[in-house]
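Dear colleague,

I am handing over the structure below, together with some notes on its packing. Please read them with the coordinates open beside you.

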Amino acid sequence: MILRFPVLAGLVLGSGPAFGQQIYDIWATTWDRAQLFTYTNLSPNPINFVSPGAIGQADITVEETPLAQSMLGFGASLTDSSALILSNLKSQNSNNYWSILNTLFDPNDGADAAGFSYLRVPLGASDFSAKVYSFDDVSGDTSLSSFNINNAPSYLFSVINDIRGINPYLKVHIIPWSPPGWMKDSGTMNGGNFLSQYTTVYANYLLKSLQGFQSHGISVYAIGIQNEPENSNPTYPTCKISASQEAQIGSALRSLMNSNGFSSVRIIGYDHNWDDAAGYPVQLMDDASSAFSGVAFHCYAGNFTQQDSFHNAFPSKEIYFTECTGEYGSDWWSDIKWYMENIFIGSVTHSSKNGLMWNLALDGNGNPKLPGTSSCGTPCRPVVQVNSDGSFMYHQEFYSMAQAGKAILPRDVNGPFGQRLHLTIGGARAQGLIATAFVTGRVNPSDWNRYSLVVLNWDDSPNGSWNPTPIQTTIEFRGMQATYTFPVGVTTLWWYAPSTSLNASEKQEQEEGKKQGSEVPDGAKQKPFTAWVHADVNGERQQPVEVFFQ
C-alpha cells in the first residue's frame, strides 16, 4: 500500500532519525587486507543523522558551498604492453579477461566494480611497446602522406573498444611520447629536442591521430602535445619541447581541430611533474591560453600542493593528474597511504579532475617493456597483474582508486559525476584522518542527491609504536550529526539528501531569521518534492511511505 500525504519539509528534516539522512552503504579497504574494497549494507540498521551532540575523537564537517571542481574519473594508461597482455588473456581465458574489464570499468551504481572512467593512451611507441614507431616514420614526409594510424597494434584499438562497451562514460586521453624522429635534432624518437620548423607539420600529425582514432570508432576526450616535455632519455621515446614551442603547436592544433570537427576535444598541456607547476604550465597559459583547456601533472618530483601554483594563476583552467607508478617490492599499506594522501585525496583536494596510474596491466615482472629501455629499473607495478597461466591479481593501485572512484560515479544512468565539496576535520585525533567529499546530482531533480566521503585513517602508530587504531568520528551535515568509527584503512560511504539550492531572497530570509533568534530550518523554503520514508514502529520496520514534502 502506498500512502501519500503532504508535510512541511522543514519540520520533517528537523525531526527524528526516521525522516533524516541515513548512511546505508560503506566500502572499505583496511590496512591488514581483512577488507579489500569490501561492500557493507547496513540495512536494516543504518547510521542516522541526528541532532548534534558531543563530537567524536575526530569531527568531519561537510560544507555544501562553495562547490569545487566536477570530477571525471580515475584510471590508468593503456600502453601497448598493457593492451598486449590483456589481448593475450582474451585469447587464453576470455572469462578472466571480461572479469578484469568489468571489475575495472563497470560504472553502474551497485556494481561490485571500480568504475574506472579515464583512459590515457600513448600515440605511437612508449617505453612499454614492442618496438619504437610513430605513425609516420618516412623521413621528411612533411605532407604526412605516409601517415598510418594502424602502425599501432590492432589489439590496442580492440581493447579500447571492449572497455568502451562496458563503460559508456569512458574518457580517452591520447598523447605522444615523442614526435616522429625526423622532426627532432636527434633524428630518432629516443631522446632529443623538437625542431620548431616542424610546428605546423606536427600539429597536422596530431590532427591525423585524432582522425585515426575516430576511424576506429573511438571518440577522444582530450589530446596532449608531448608527454613529459622536460625529459629526454636516449633509451626510449622522449622529447624536450619548450613551453613556447608547445604553445605554438597547441595554437596551430586548436585551429585545425576547430576546422575539422574536433572543437569539443580538449588540449591538455604540460603533462609532467609537480615541481615545475609554477613554471612551464604557467608560461604555456601566458603564451596560448585560448588553445589549452588545462594542464596535467605527474608524481615523480615535487608535491601535490604545488598544483595550487597553477590553479591560483589560472583558476578557470582545468587540472588533471595523469601519471604515477608503483614499483614491485614496496610495502602494500605504505603505498595505499601515499596514494591517498598525494593523489586520490591530495591531488583531488587541490583541484584535479581525475587521477591516473601508469600501466593498466603487466605481468609479475613488470613486462613486457621496450627492449633496451632504462625506465622502471625497479620493475613498474601495474594496476592489475596478469600471469602467464591466465591468473591475475589486483594491486594496491586498484584498491586506492576503487575506493575513490566509488564516491564520484553517476548515481543514475547518464547522470553527472560527483562534484567536490569542501570539508574540515577537527577533534583531538583529527591528524589521524584525511578526507574528501563529493555531491552527485540526479537526472530527476526531485530525486535526492548523493553525498559521499572518502576517508583515510592512517593512524597506525598513534603513540610512536605500531598500533593501528580506529577513530570514532562524528560527521556534521546540515546541522545534523552521524557517528562512524573509521578503521585504519580507506573507507567510502554515502547518504542521500534533497538538493538545497536557495535563491538570494531565501538566503536573506534565513539570515534574518537567525538574527531574530528564530532560524529558518534548512530546506524550509525548498520546492516541493516526494521521497520514500522508512519508519520503525515498536521496533518493527514498516512498509515504505511515499511522502510529499511541501
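Is Trp 495 buried or exposed? With a relative accessible area of 1%, Trp 495 is buried; please bear in mind that this, like everything that follows, comes from a predicted model. Tyr 451 also counts as buried, at 3% relative accessibility, where the cut-off for that term is under 20%.

These two residues form a ring pair: the centres of the rings of Tyr 451 and Trp 495 are 6.3 Å apart and their planes are at 15 degrees, so the pair is stacked. Because Tyr 451 belongs to strand β21 (residues 449-457) and Trp 495 to strand β24 (residues 489-497), the pair ties together parts that are 44 residues apart in sequence. In the neighbouring numbering, the charged end of Arg 450 sits over the ring of Trp 494, at 4.9 Å from the centre of that ring.

Turning to aromatic pairs in general, the count comes to 39, and ring pairs link a cluster whose members include Trp 27, Phe 37, Phe 105, Trp 332 and Phe 398.

As for the nonpolar cores, the largest has 114 residues, and those with the most contacts inside it are Leu 78, Leu 104, Phe 105, Phe 213, Ile 223 and Phe 398. Helix α5 (residues 199-215) contributes the most to this core, with eight residues. A second, separate core of 25 residues includes Tyr 451, along with Ile 26, Ile 475 and Ala 497. Leaving aside residues up to four places away in sequence, Leu 78 touches, among others, Leu 86, Leu 119, Val 159, Ile 160 and Leu 360.

With best wishes

Terms used. Residues numbered from 1 in each chain as written. Predicted model: local features only at pLDDT ≥ 70, side-chain atom pairs only at ≥ 80, totals over all residues. Heavy atoms only, no water. Core = buried A, V, L, I, M, F, W, Y, C linked by side-chain atoms within 4.5 Å. Buried < 20%, exposed > 50% of the residue type's maximum accessible area, 1.4 Å probe, protein only. Helix = DSSP H or I, 4+ residues; strand = E, 2+ residues; numbered from the N terminus. Contact = heavy atoms within 4.5 Å. Phe/Tyr/Trp six-rings, centres within 6.5 Å; stacked < 30°, edge-to-face > 60°. Lys NZ or Arg CZ within 6 Å of the ring centre and 35° of its normal.
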